[in-house]
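Please open the model in a viewer and keep a selection tool at hand. The stops below proceed from paired side chains to a pocket, a surface patch and selected backbone features.

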Amino acid sequence: MFIHGFLSILSPLPLSLSLLLLIHQSLFSFANLHKINLLRPEFLSQSQPISLNNTPPTRYFEVTKPIELPKIKPCSHLVLDHDFGFTYRKPPVLADYAPNSHCLSRKLSKIVLEWKATCKGRQFDRIFGVWLGGFELLRSCTAEPRANGIVWSVEKDITRYYSLLLKNQTLAVFLGNLVDKTYTGVYHVNITLHFYPAEENLVHVESRYDNWADLILPISRNLPLNDGLWEFMEFTIPQNVYRAVLEVYVSFHENDEFWYSNLPNEYIVANNLSNTPGNGPFREVLISLDGEVVGAIWPFTVIYTGGVNPLLWRPISGIGSFNLPSYNIEITPYLGRILDGKKHKIGFNVTNANVWYMDANLHLWLDKQSEKTEGKLLKHVSLPVVVSLVSNFTGFDGTFWTKTSHSITSTGWVKSSHGNIMTISICEDVSKFG
């Protein structure tokens, strides 16, 4: 995974285009050195001259649940058409976004972002991201091309970002790619937004009580970043918020690309192993609010398109590789503590982390009938994570069992023009690795 570049390229950008990096080692070019050792001769043999003039490009795809769309033709708006070739260590590609009055003039039921790309030759998989006005809309991984060429597309429901699409914004796409005599693949990309009108007699975006957020705040920070256990970002919310949800984007790299298969440190030390990913197989993303843990994420084990063996992901990509999942943390119970108009801090920490990239969007629902809402946290219980490791090995042979559990529960109320609403937030996970 060629990921070096997020850190250096985003440094001159404003706050909203920065990524949070939790890191305990310096970056190097490829996400995992041992991936290179797993490349099969069949993959490397693509450099041999082959006559493929009449061979059509291979269509790659990810098996995923289809987006439920109305049976109406959408209004489509092309927002970017660009070739990503020599983009390594260069700033993200920027494009002006202006609301399409024709697309937004009707009542809407769904908004879909479509990423469509082609590539030909040889290239490593690249992590990329799409931001609009500094808010991350998509984190993904490119497909690894073939000599005859490939084509793939990603469709993501972005209806929840409706409020962002109503005003002029800057679209930013970071895809750090390197082209030379060996790695020849250039990614030809276009991004289109599809606006689906609401069908007759169906509820549309603007009329629902639980409509998408009225305001979204980017939770990210400027570089340089300091090595450390926790990273914090400050924010201030309006005083008439009645609901708040933190949407978190995460991706894992270098020695943590396959974190769920990492060996315990005691095994690595006992066998005098070097360049072997360690810290065991457990990772947890913790979210804090003003220093108190309010949520936890156990990320899905996404395998990128170059992971383990690239031949495994042709043409069917791993689950989540084309559309890395984001994770929602309900922080509405804590509104009573942050409705004071003052600055507050959200913090991120990854247990046993090597290299993780994170940022977040804070979705806020505003009470349009009042200037100020009230709230109170009634109960908050955050039990420490319990990690149990059982190791049984002699030399290089052995077994390892890791069992973990964690529970965070909070209850609070918010009083607004919608009434007095009680919210309960529960983060509870139990898992075994062996």
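A salt bridge is a side-chain nitrogen of Lys or Arg within 4 Å of a carboxyl oxygen of Asp or Glu. The model is predicted, so that local features need pLDDT of at least 70 and side-chain atom pairs count only at pLDDT 80 or more, whereas totals for chains, interfaces and linings use all residues. Residues are numbered from 1 along each chain as its sequence is written, and side-chain values use heavy atoms, with hydrogens and water left out.

**Salt bridges**

By the rule above, the count comes to 10 salt bridges. Select R139 and E136 to begin: their side chains meet in a salt bridge, with 2.9 Å from N to O. For accessibility, buried means under 20% relative accessible area, exposed over 50%, and partly exposed in between (1.4 Å probe, protein chains only). R139 counts as buried because its relative accessibility is 1%, and E136 is likewise buried at 1%.

Next, select K368 and D214, which form a salt bridge whose closest N and O atoms are 2.5 Å apart. This pair links distant parts of the chain, 154 residues apart: K368 is in the loop between strand 20 (355–366) and strand 21 (374–382), and D214 is in the loop between strand 11 (187–197) and strand 12 (215–219). Helices (H or I, at least four residues) and strands (E, at least two) are DSSP runs, numbered from the N terminus.

Then select R283 and D256, whose side chains meet in a salt bridge of 2.9 Å, N to O. Here too the pair links distant parts of the chain, 27 residues apart, with R283 in the loop between helix 5 (265–270) and strand 15 (285–289) and D256 in the loop between strand 14 (241–253) and helix 5. Both R283 and D256 are buried.

**The largest pocket**

Select T64, K65, I67, E155 and N323, which lie nearest the centre of the largest pocket among its 23 lining residues. On a 1 Å grid over the protein atoms alone, a pocket is an open set of points where a 1.4 Å probe fits, with protein on both sides within 12 Å along at least five of seven lines; lining residues have an atom within 4 Å of a point. About 640 Å³ of space lies in this pocket. Strand 9 gives the largest share of the lining, five residues.

**A nonpolar patch**

Select L378, M422, I424 and I426, which make a nonpolar surface patch of about 420 Å². Patch residues have over 30% relative accessible area and no salt bridge, and nonpolar side chains (Val, Leu, Ile, Met, Phe, Trp, Tyr) are joined within 5 Å. Strand 24 (residues 419–433) gives the most to the patch, with three residues. I424 is found in strand 24 and is exposed, with a relative accessible area of 55%.

**Backbone features**

Most residues other than glycine have a negative phi, and most peptide bonds are trans. Select R314 and P315, which are joined by a cis peptide bond with omega of about 0 degrees. Move on to R89, which has a positive phi of about 60 degrees although it is not a glycine. R89 lies in the loop between strand 4 (75–84) and strand 5 (93–97).

Methods: Points joined across faces, edges and corners; volume = space filled by probe spheres on them. Patch = residues over 30% accessible without salt bridge, like charges linked within 9 Å, V, L, I, M, F, W, Y side chains within 5 Å. Areas by Shrake-Rupley, 256 points an atom, 1.4 Å probe, with all protein chains shown as cover.
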